[in-house]
Amino acid sequence: MINQKILCATSVATWLAASGALAQEDTTSTAADTMLEEIVISAERREAKVQDIAIAITAITGDGLDDKAVKRLEDLQFAAPGLTVTSAGITQAVNIRGVGLASGSPSVTNGVASYIDGLFQPPIVSTNSFYDIADVTVFRGPQGTFVGSSSTGGAIFISSKNPQLGAWDGYVNAELGNYAQTGLQGALNVPVGETLALRGAINHARRDSFYDDHGVVGNEAARLDELSGRLGVLWEPADAFRALLKVEYSDKQTGGFAMRPVPTTAYAAGRIGGIRDLNYDTPTRNAERQLINSLELRYTTAGGIVFRSLSGYQDKEVHNLTDIDAASLPDTPATRFRRQVQDVIEKVTTEEINVISPTDGRWDWILGAYYQHNEIDVVNLNFVGAATVYPQRIYIPTDKTVQGYFGQLGFQATETVEILLGLRGNMFEGKQLSGAGIYTGYGNPATPNGTRIVDLEGSHDDSKPTGKLSVNWKINPDNLLYGFVARGYKPGGFNSATSEFDPETVTDIELGWKSTLFDGRMRTAINVFNYDYQNFQAAVIDLGSGGNNVTNVADAKIKGFELELQAQLGQVRIDGGLAYVDSELGSLTFVNTRLLPGPQLGPQCASGQTTGCFNYTPFLQTNTGGVNLYSPELTYNVGVEYRIPLGNDSTLTPRLNYAYVDSQYVNLLYNNVTDLLASRGLLSALITYAREKWDVQLYGTNLSDEEYVAGQLGNNEFYGAPRQYGVRGSVRF
C-alpha cells in the first residue's frame with residue numbers, strides 16, 4: 001500500500017514535468033510572458049529569493065491564494081505538502097511533518113510558530129480570512145535560529161501588503177456564492193507627500209451554516225459573520241530611515257462549533273443522520289475578536305549596517321458557548337455535562353531587535369534579541385445536568401515570558417560554497433497564578449466563587465540552546481545544493497503544582513536541491529530529512545487533577561522526503577508539491593478518555609475517598625506505540641491552468657486544483673474507528689475572464705462534495721466544508 005501511494009504521487013510529479021516540457025515545445029509566447037514570478041521574502045531578516053534560501057519552503061503570493069483556493073490558515077494544508085491543520089475547538093492543531101501543536105492548554109507552547117507581519121500568534125483567533133496579502137510562506141522543519149522556542153515543527157509567515165510611496169492604487173473584490181455567501185474586500189494605497197503613504201484594507205464575509213440542527217434549540221452552528229480592517233502607515237523621511245506602523249482589528253461571529261459525537265463513544269447514541277445533521281439540546285455560539293499592532297523601525301548606516309526594531313502588542317479574546325456532549329440525551333450521570341461556557345483572553349507583548357550586516361563581503365552576520373510576554377485568562381463553566389443550578393468552574397490565569405538571543409554568521413568559503421552557523425539561546429518561564437484551579441458550586445450564595453477541589457497553581461522554567469549549521473553549494477546561478485543540521489525546541493510546562501512536563505527537542509539532518517530550469521520557466525525543489533524527536537508532548541488525563549493535561553511520551557523517529565515544482569511554459573502553468581513522512585512513536589500508559597462518563601471528573605480517588613474525586617484505574621490503558629499523531633504518510637497537491645488570449649488585452653484562464661491528505665491518527669489509542677481521520681482528496685476549479693483593470697471569476701471548491709472528518713476535540717468530531725461555488729468580481733485602480 002505504501003509503495004502504491006508513493007508510485008501514484010511520483011507519477012503525478014513525473015506527469016507535471018512531462019506536461020511542462022510539452023507545453024514548452026508548443027509555446028509561441030515571448031520569454032517575458034513565460035518567466036515565473038520571483039517570490040522574495042524576509043522571514044530570515046534579509047530579503048532573499050525563495051530559491052536562494054537553503055530551507056524547504058512553500059511560498060504563495062497574495063494573488064496565488066485564490067488560485068489555490070486558500071482562504072484562511074486551514075486551507076494551506078491543501079497547498080503546502082507536509083502541513084496539516086485539524087480542527088480542535090477554539091484552537092487548531094497545526095503540524096508540519098507530524099510535529100506541532102498537541103494541546104490547547106494555555107501552559108503549552110506552539111510547535112509550529114505562526115506570524116502575522118512578523119508578530120508571533122497564539123493558537124486562538126487563528127481562523128480569520130486572508131485579505132490584502134503580499135505572501136504566505138511555510139517553512140518546514142525546526143527553525144532554531146530566527147524563530148526559537150516554537151519551531152520544532154516549522155513556521156508559517158503571513159505578510160500583508162505594505163503602503164507604497166508615490167502610488168495611488170487599490171482594488172475592490174466582491175463575491176456571491178451558495179449558502180448565501182457574500183464577501184467584500186478592498187484596499188487603497190494613498191501617498192501623502194513624498195515621505196508618507198497610507199494603505200487601508202477591509203474584509204467582510206457572511207455565510208449561512210452548512211448544517212441542520214434537529215435539536216430543540218435550532219442552532220446555526222458554523223454560520224459566519226466576519227469583519228476585519230487594517231491600516232498601514234509608512235514614513236520614510238530619509239533614505240536611511242523607515243518607520244512602518246500596522247494596526248488591524250477583526251471581529252468574527254459564528255453560531256458555535258459544528259460537531260457530533262465520535263462513533264462508539266459515550267455520547268454516540270445522540271448521533272442522527274449524516275455529517276450535516278446536528279442534534280444539540282443547548283444554545284451554541286462563538287465570538288472572536290483581535291487587535292494587532294506592529295511598529296517596525298529600520299535605520300541603515302552609511303556602511304550598510306541595518307538596525308531594526310519590531311514592536312508588537314496584541315489583544316485577543318474568545319467567548320464560546322458549546323453543547324459539550326453534542327447530542328440531545330437524557331439527563332443521567334453518564335451524560336451529565338450538557339453545556340460549557342468558555343472565555344479566553346490573551347494579551348501578547350513582543351519586541352525584537354536586530355543588527356544586520358551588508359552581504360557584499362566574504363563574511364556577513366545577523367544579531368538579534370527577542371522578548372515576548374503573554375497574559376492569559378481562561379474561565380470555563382461546565383453545567384452539570386439540565387437542572388443543576390451550580391456549575392463547575394475552571395479558572396486558569398497564566399503568565400508566560402519567552403526570551404531569545406541569537407546570531408547567524410555566514411562565511412563565503414569559495415565563490416560557490418557558503419557556510420552558515422546560527423545559534424540561539426532560549427529562555428522560558430510560565431506560571432499559573434493565584435486562584436488557578438477547578439471549583440464546584442460556582443454561584444452558590446454560600447460560595448459564589450465555588451470551592452476549589454483541584455489546585456492548578458504552579459510554575460515552570462527552562463532554557464535550551466538551538467541553532468543550525470548549513471553548507472550551501474551554489475553550483476551555478478540556477479542550482480543550489482545544501483545540507484544542514486538544525487535543532488528546534490519547544491518549552492516544557494506544568495499541569496498543576498505537582499505535575500510538570502519537560503521540553504521537547506527535534507534534531508533535523510536534511511539535504512536539499514533547488515533548481516531553476518528552461519531559462520526561468522520551471523523551478524524544482526527536493527529535500528530529504530531525518531528527525532530525532534525527543535520528549536514528544538501529548539495531552540492525556542492528569543490523575544492529580546483530572547484535567548486533560550500534558551505529559552512527555554516516548555521518543556520518536558521521523559524521516560521522509562518532499563518535492564515541489566512550478567512551471568510557466570507558454571500559456572500553461574503547472575504547480576505541485578509532495579511530501580512523504582514515515583514516523584514511529586514509542587509506547588505509553590494513559591487514561592482511555594473514550595470510556596469516561598464526562599470531562600473534568602476530578603482527581604484520582606485516594607484510598608477510602610468517595611466524594612470530589614474519580615477512580616481512573618479501570619480506564620488505564622497501555623498502547624504498543626505507533627505513528628506520530630497528526631502525521632499523514634503522504635500529502636500532495638497539483639494545479640494546472642491554461643491562459644487563453646482573446647484579443648483586446650483580455651484572457652480566459654481555466655484552472656484545476658487537486659489536493660490529497662492521507663489518513664492520520666489523532667489519539668494515542670490508535671483505534672481505526674474512533675482515532676483515525678480518513679484520507680481525503682479535494683478538487684477545486686476556477687475560470688477567470690480578465691481585462692487590464694478588472695476580472696470576473698467563477699469558482700468551485702470541494703467539487704466532489706467529499707465528506708470527511710477534519711478534527712476532534714475530546715469525544716466530538718468536526719467536519720470539512722461541503723461543495724461551495726460562486727462568482728467573484730475584482731476592479732483594480
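**Exercise 1. Find the hairpin formed by S35 and S36, and describe its turn.**

Step 1. Strands S35 and S36 make a hairpin, with 2 residues between them. Glycine 570 in the turn has a positive phi of about 65 degrees. Strands here are DSSP runs of E with at least two residues, numbered from the N terminus.

Step 2. Note the basis. This is a predicted model: local features need pLDDT of at least 70, side-chain atom pairs count only at pLDDT 80 or more, and totals for chains, interfaces and linings use all residues. Residues are numbered from 1 along each chain as its sequence is written, and side-chain values use heavy atoms, with hydrogens and water left out.

Step 3. Check the pairing. Two strands pair if DSSP finds at least two bridges between them. S35 (residues 556–569) runs antiparallel to S36 over 14 bridges. Aspartate 575 in S36 is the bridge partner of glutamine 566.

Step 4. Look at the other partner. S36 also pairs with S39 (residues 634–642), antiparallel, over 9 bridges. There, alanine 579 is bridged to threonine 635 in S39.

Step 5. Check burial. Buried means under 20% relative accessible area, exposed over 50%, and partly exposed in between (1.4 Å probe, protein chains only). S36 (residues 572–585) has 11 of its 14 residues buried.

**Exercise 2. Classify the ring pair of phenylalanine 146 and phenylalanine 406.**

Step 1. State the rule. Rings of Phe, Tyr and Trp (its six-membered ring) pair if their centres lie within 6.5 Å; planes under 30 degrees apart are stacked, over 60 edge-to-face, the rest tilted. The count by this rule is 19 aromatic pairs.

Step 2. Apply the rule. The centres of phenylalanine 146 and phenylalanine 406 are 6.0 Å apart and the planes stand at 70 degrees, so the pair is edge-to-face.

Step 3. Place the residues. Phenylalanine 146 sits in the loop between S9 (133–140) and S10 (154–160), and phenylalanine 406 in S23, so the pair ties together parts 260 residues apart in sequence. Phenylalanine 146 is buried at 8% relative accessible area. Phenylalanine 406 is buried too, at 4%.

Step 4. Take a second pair. Tyrosine 636 and tyrosine 660 are stacked: 5.3 Å centre to centre, 25 degrees between the planes. Tyrosine 636 is in S39 and tyrosine 660 in S41 (residues 650–661), 24 residues apart. Tyrosine 636 is buried at 12%, and tyrosine 660 at 15%.

**Exercise 3. Which strand gives the most to the lining of the second largest pocket?**

Step 1. On a 1 Å grid over the protein atoms alone, a pocket is an open set of points with protein on both sides within 12 Å along at least five of seven lines; a cavity is a set where a 1.4 Å probe fits but cannot get out; lining residues have an atom within 4 Å of a point. Points are joined across faces, edges and corners, and volume is the space filled by probe spheres set on them.

Step 2. The second largest pocket has a volume of about 760 Å³. Its lining counts 32 residues; nearest the centre are Ala48, Asp52, Glu418, Leu420 and Asn472.

Step 3. The answer is S27, with 5 residues.

Conventions:
Helices (H or I, at least four residues) and strands (E, at least two) are DSSP runs, numbered from the N terminus.
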